[in-house]
Amino acid sequence: MKLLHIVGARPQFIKMATVSRAVTQHNRQTNPDGHIQELIVHTGQHYDYEMSKVFFDELEIPTPDYNLGVGSGSCGEQTGEMLKRVEQVLLKVRPDIVLVYGDTNSTLAGALAATKLYIPVAHVEAGLRSFNRRMPEEINRVLTDHVSTILFCPTETAVNNLKREGFTNIANNGHLVSDLHPHELRTTHHEPVVLNVGDVMYDSVLYNLKLAEQRSTILNNLHLKPYELNKPNEPYEPKGYALATVHRAANTDDLERLARIFTALDSLAQSGLQVVCPLHPRTRKALSKLGAKKWHADLTLIEPVSYLDMLVLEEEAELILTDSGGIQKEAYFMQVPCVTLREETEWVETVEAGWNVLAGANKDNILRAVEHFNSRKRAEPQVGLYGDGRASQRIAEVIVSLKR
């Protein structure tokens, strides 16, 4: 069986590594006739070493079979160029199934190219909705889901979103699929199947966090002190650092929003809480347009970091401020409070569980959200909200079942 992964951005490299590891495990346990042949297409959406190759090196992902080198551009330009180049690869390779991940332009281009050639598409992280159609990612999610043959959902919330959009072939009534019965999986282009397999990012954190703790030297390199919980009845005192990431176009392309966010981060630094901010290339470029602004010395702007370094920075932070969907979840997995620099989130469970506050780009809201976490006892995370750490294994099992 020939499986083709289509990826292009850092979160997708992480998700693909997790699924690929499960496929490799399957191949070790079966006879050669049951092997899955994997091919990787890298669209080139992220192309700097810090944004791309370091993830392949660190996560031991094989070198892509095809690197399309599309690079940056407007949404339409980038998606169109990817669609053209992906189609050429698919015509040459003719895979049995195409896996796409998340919600980037690479996701949509890969899904459209495959479905127009009648190649089954499996969407990992299906069913997410922010209900904000001004987000390019939201358009990518919706369109990808509606051309996919297999929809791998990370949560029951995601399944329910798809139910509301008319999907009816729901495995196990939307609950986490514990024991798959391949003969019961009915799926065609006209009747796609929806499965709650859990979150592959949770799998990834469980697998990579210990490795990160052993290998990463980021805390020493930046002279950071890990966060320590106060003892009962002690007054609150900052004992660590905050981690901040800003990369979404809604925040970087609107200089007023960007200025408000960084003014809030600067205020936190002035208050005595060091703020560490790895800068996405888009963010660094946008910040330069704000002029020669002098930020407080404790607002530490650094280059993008590797995945393992990022896991350690997240785990040891006192607080995380981000507009990233994946980091919101990772904060939840690691029991670190999160302030989301958006007005909505596709990961509503983290908000409902009390670990995430939506603050948008409003300085006062951001500072109030930080104070909210400073002044209250932390909630306990809900076990099983994002599965049991076996999402990638379930995905591999479903893929194998398609050829039986």
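Predicted model: local features only at pLDDT ≥ 70, side-chain atom pairs only at ≥ 80, totals over all residues.
**Notebook: a helix pair and a cavity**

I started with two helices and saw that H10 passes H15 in a right-handed crossing.

Next I looked up where the two helices sit. H10 covers residues 255–270 and H15 covers residues 363–374. Their axes are 8 Å apart, and the packing angle is about 40°. That angle is why I can call H10 and H15 oblique to each other.

Then I wanted the contact itself: which residues in H10 meet which in H15? On the H10 side I listed Arg 260, Ile 261, Thr 263, Ala 264, Ser 267 and Leu 268. Their partners in H15 are Lys 363, Ile 366, Leu 367 and Val 370. Sorted by class, the residues of this contact come out as 6 nonpolar, 2 polar and 2 charged.

New page, cavities. How many cavities of 30 Å³ or more does the structure hold? I found 1. The largest cavity has about 40 Å³ of space in it.

I also checked what lines the largest cavity. Among the lining residues are Val 124, Glu 125, Phe 152, Cys 153, Pro 154, Asp 199 and Ile 395. The class tally for this lining is 7 nonpolar, 1 polar and 2 charged residues.

Technical notes: Residues numbered from 1 in each chain as written. Heavy atoms only, no water. Axes fitted to C-alpha atoms, helices over the stretch in contact; angles between N-to-C directions. Helix = DSSP H or I, 4+ residues; strand = E, 2+ residues; numbered from the N terminus. Parallel < 35°, antiparallel > 145°, perpendicular 65-115°, else oblique. Left-handed = near helix turned anticlockwise from the far one by under 90°. Contact = heavy atoms within 4.5 Å. Nonpolar A, V, L, I, M, F, W, Y, C, P; charged D, E, K, R; others polar. 1 Å grid on protein atoms, 1.4 Å probe; cavity = no way out; pocket = protein on both sides within 12 Å on 5 of 7 lines; lining within 4 Å. Points joined across faces, edges and corners; volume = space filled by probe spheres on them.
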